[in-house]
Amino acid sequence: MNLGIRAHDIEANSLEELVKVVSEKGLTSVQLALSKSLKSINTDLGSLSPGFARHIAQAFNQQQIHIAVLGCYINMIHPEPIERRKALERFKEHIRFARDFGCSIVGTETGNVNAKMAYTEDNFKEQPFLDVVESVRDLVNEAEKFGVIVGIEGGINHPVYSPRVMKRLLDQIDSNNLQVIFDPVNYLTIYNYEHQEDVFKEAINLFGDRIVILHAKDFIIENNWIKTVPVGKGLLNYQALFELLKAKKPFINILMEATKEPFIDESITYLRDKYQNG
């Protein structure tokens, strides 16, 4: 089981401390969002270089930890054109230096028509989807030049809000440099969570061949809404998920998300048990 964690869910004051904590927990990979995990270092647009990337990569490599995903979660359909362009250029910069980080995937969600990223059903209209297609195509064109994968993560608060819409996006952009970061909780709603196994099956049937990363988190129902909780503290049927996933994607990187102390060790044990018995 290739189990890792979103690096900014680890509390650490330096790169060295971050690497040390991840290693001590027996994790093999991270999703690294530079601006969130390396707050004392300039990671603004224009700051990256091969030297910067190799410095970070070497710190992780010394403990045999793989940077599985460079997280660069942008609003690719920001309503202000200048802000949208800045976001896309930031993502492209991550693409250009991904290989120096020893990483092949740069990941993002698909944005929001609301600049503050608040939930709105306006995201579900046709124009936001078409805007996503335009932005993703731009990013994938850049990724093809550098042999890097654009990892797209869908979710109910974004234009790519269901497995079927994700499949439509993949069909619109004819490139193997576009792949999927699959977070099962992101597709669950108050209306379908009781049939979550059907959601898993639909996603894997539609684009299982394109899934390159699995995000692992959990959920409960609170105030008639899906609320994220640490892994193992909610209702997600990991045994059913792993039964499907192990057959389709052996040794895939599984990255814990929204799981912080004091729950990390317990969640690691929980996932390993479910994976072994799934």
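A residue is called buried when its relative accessible area is under 20%. Keep that cut-off in mind as we walk through this structure, which is a predicted model.

Let's start with the cysteines. Cys103 has a relative accessible area of 4%, so it counts as buried. Cys72 comes in at 3%, which makes it buried too. What about disulfides? A disulfide is a covalent bond between the sulfur atoms of two cysteines. Searching the whole structure turns up zero of them. For Cys72, the nearest cysteine sulfur belongs to Cys103, and it sits 11 Å away.

Now over to helix α4, which covers residues 81–97 and holds Lys92. Is Lys92 buried or exposed? Its relative accessibility is 10%, and because the cut-off for buried is under 20%, Lys92 counts as buried. Leaving aside residues up to four places away in sequence, Lys92 touches Arg85, Asp138, Leu139 and Glu142.

Next, have a look at a pair of helices. Helix α5 spans residues 126–146 and helix α6 spans residues 163–172; they pack at an angle of about 45°, with their axes 10 Å apart. That angle is why α5 is described as oblique to α6. The crossing of α5 past α6 is right-handed. On the α5 side, the contact is made by Glu126, Phe129, Val132, Val133, Val136 and Arg137, while α6 brings in Val165, Arg168, Leu169 and Gln172. Sort the residues of this contact by type and you get six nonpolar, one polar and three charged.

Key. Residues are numbered from 1 along each chain as its sequence is written. This is a predicted model: local features need pLDDT of at least 70, side-chain atom pairs count only at pLDDT 80 or more; totals for chains, interfaces and linings use all residues. Side-chain values use heavy atoms; hydrogens and water are left out. Axes are lines fitted to C-alpha atoms, for helices over the stretch in contact, and angles run from 0 to 180 degrees between N-to-C directions. Helices (H or I, at least four residues) and strands (E, at least two) are DSSP runs, numbered from the N terminus. Angles under 35 degrees count as roughly parallel, over 145 as roughly antiparallel, 65 to 115 as roughly perpendicular and the rest as oblique. A crossing is left-handed if the near helix is turned anticlockwise from the far one by less than a right angle, and right-handed if clockwise. Contact means heavy atoms within 4.5 Å. Ala, Val, Leu, Ile, Met, Phe, Trp, Tyr, Cys and Pro count as nonpolar, Asp, Glu, Lys and Arg as charged, and the others, Gly among them, as polar. Buried means under 20% relative accessible area, exposed over 50%, partly exposed in between (1.4 Å probe, protein chains only). A disulfide is a pair of cysteine sulfur atoms within 2.5 Å.
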